[in-house]
Amino acid sequence: MADLRINLAGIKSPNPFWLASAPPTNSGYQVQRAFEAGWGGAVWKTLGEPILNVSSRFAALHFNGQRVVGFNNIELITDRPLEANLQEMYETKKRFPDRALIASLMVEPKREKWHEIVKRVEAVGVDGLELNFGCPHGMAERGMGSASGQVPELVEKQTYWVKEVATTPVIVKLTPNITDITATAEAAVKGGADAISMINTINSLMGVDLDTWNTIPHVAGKGAHGGYCGPAVKPIALNMVAECARHPRIRVPISGIGGISTWKDAVEFILMGATGVQVCTAVMHHGFRIVEDMIEGLNHYLDEKGIASVMDLVGKCVPNYSDWGNLDLNYKVAARINQDVCIQCNKCYIACEDASHQCIDRLTDDDGKTYLKVREEDCVGCNLCSIVCPVDGAIDMVEISNDLPPMTWNERQAALQAFTNYHLK
Amino acid sequence: MSYEQFLEEKTKIDELLQQGYSIERVVENLDGAFLQFVRKARDGKMKTQTLHIQSADARKYFSVRVIQQLNNA
Ligand SMILES: Cc1cc2nc3c(=O)[nH]c(=O)nc-3n(C[C@H](O)[C@H](O)[C@H](O)COP(=O)(O)O)c2cc1C
Ligand code: SF4
Ligand code: SF4
């Protein structure tokens, strides 16, 4: 059994799986049941001045029979008074002293407001704070959430105010609704953040009803943008985590969030620089018990790889993530169709013919049977045929060796520049 | 751009290099790359040749040759 314990900026938990601040962490009843199920930590539903929610607040994207590929909400932060939450947090921490209990906070961008809530929350014995600069709807209209999370100066200033009084580690939760998340991540670090977490939800409109012409969801015939999350956002979140992890001036631990449903998703985030992960949509879809599979899967994976501790995985793939200009232009892969596996559905042929490089030939063998064959020399190795192929193993993308040395775009441009200078001399 | 076009362009580049030409100038624009080759003839006069390289793979290929030429300079 591998060691699954993590230490994120001083916050310790028995495994890297935390509940994200969201409906599953709304109350002591829920968080305690989550801890019974095995969750290593929980970020409580964001605390602040209790809000008023609308009814009809969630919607989901189902795709081709798969439910909840994406999830959308227009819910705000907690609608319960601070004292009620604090009492339940105190009891939860007392019952589960080994789990990480984090308070998510959101108040107006005023120094005294931050000081007040930090002091009251820390008094009940939380292990850390998470500043919610990410909620994209409702709160943003009031200058909170992503409205302040999109302005680096406000992120830095508010983080600084919190750090003036905080005695526990401070995690800054970032909004993905920004062109370059490293700008706000860096601002958080400048403000003194001990860690950052990402992503919160992405601005979204889930759909429009074709009969009523109402938005989905709608509130008495009106809609407003919500926040998008769930499996569909994972690639966006993973890139943002990786971009922060490889940034030279963002040297704080990262808590990875966004579309994580399985231990495999979690491992990807950890390899790309996250010290632990947080989960919301998958729990809303399947309940707390998914953590059992996550713990078991991660354990097996680490044992199989001979890795003693999950902390040894953190960031292992970050050096593999670079800029496009550092990729080798002379590396080549090509598609190869395995005739004994192919079911002749023609999907790859159509894809290559209509949308790629027209290099799959439809041929006839000596017995008059048709088959498909890739002209490897014309194949650009785009992967499209293997992406659309419905049969596992029918198409392999194989490396094609050539005599050319590795050459990146950056090296090429530098060489051409040097060459021009040399000949101008 | 087909493999044949790449081969054709690569062959032309290789032929000139084998004949003792070296790449002198590279101009890249919307129409691809224009390579100017030079060679000193026996009579001491400079001879030049220009190739218009269009295929992506041949544009990668001549870049490798430019880098090699720089490294050997
Ligand atoms: C219904 C709902 C309510 C949420 N409320 C909060 C919140 O109060 N505070 C917060 O920081 N994030 C909130 N989130 C965002 C989640 O914590 C998380 O960042 C996001 O859902 C991405 O993770 P996922 O793909 O696992 O759902 C909420 C998400 C959902 C779906
Ligand atoms: S990898 Fe791309 S170019 Fe090659 S055969 Fe498949 S679809 Fe065509
Ligand atoms: S998509 Fe796959 S199964 Fe279908 S014809 Fe191509 S290789 Fe065969």
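Before the interface, I wrote down my term: buried area is the accessible area (1.4 Å probe) that two parts lose on being put together, summed over both.

**Ground rules.** I am working with a predicted model, in which local features need pLDDT of at least 70 and side-chain atom pairs count only at pLDDT 80 or more, while totals for chains, interfaces and linings use all residues. Residues are numbered from 1 along each chain as its sequence is written, chains are lettered from A and ligands numbered from 1 in the order in which they are written, and side-chain values use heavy atoms, with hydrogens and water left out.

**Interface.** I found about 1,500 Å² buried between chain B and chain A, with carbon and sulfur atoms giving 68% of that area. Chain B brings 18 residues to the contact and chain A brings 14 residues; contact here means heavy atoms within 4.5 Å. How many salt bridges are there between chain B and chain A? I count one, and a salt bridge is a side-chain nitrogen of Lys or Arg within 4 Å of a carboxyl oxygen of Asp or Glu. The partners are A:Arg412 and B:Glu28, whose closest N and O atoms are 2.7 Å apart.

**Chain A overall.** I noted 13 helices and 20 strands in chain A, where helices (H or I, at least four residues) and strands (E, at least two) are DSSP runs, numbered from the N terminus. The C-alpha trace of chain A spans about 80 × 65 × 50 Å along its principal axes. Of the 425 residues in chain A, 51% are buried, taking buried as under 20% relative accessible area, exposed as over 50% and partly exposed as in between (1.4 Å probe, protein chains only). Among the contacts in chain A with a separation of 6 or more, 72% come from residues 24 or more positions apart.

**Helix α8.** I then turned to α8 of chain A, residues 263–271, where the buried residues include A:Asp265, A:Val267 and A:Phe269. Their cover includes α7 (234–245), β16 (274–279) and α10 (290–305) of chain A. Just after α8(A), I saw that A:Gly273 has a positive phi of about 120°.

**Lys234 and its two partners.** Is A:Lys234 buried or exposed? It is buried, at a relative accessible area of 15%. A:Lys234 forms a salt bridge with A:Asp265, the closest N and O atoms being 3.2 Å apart. Because A:Asp265 sits in helix α8 and A:Lys234 in helix α7 of chain A, this pair ties together parts that are 31 residues apart in sequence. A:Asp265 counts as buried too, at 11% relative accessibility. A:Lys234 also meets A:Glu268 in a salt bridge (3.0 Å, N to O), and this pair links helix α8 with helix α7 across 34 residues. A:Glu268 is partly exposed, at 32% relative accessibility.

**Another pair.** The side chains of A:Asp3 and A:Arg5 form a salt bridge at 2.9 Å, N to O. A:Asp3 is partly exposed at 26% relative accessibility, whereas A:Arg5 is exposed, with a relative accessible area of 54%.

**Leu86.** My last stop was A:Leu86 in helix α2 (residues 82–95) of chain A, which is buried with a relative accessible area of 3%. Leaving aside neighbours within four places in sequence, A:Leu86 is in contact with A:Leu47, A:Arg120, A:Val121 and A:Val124.
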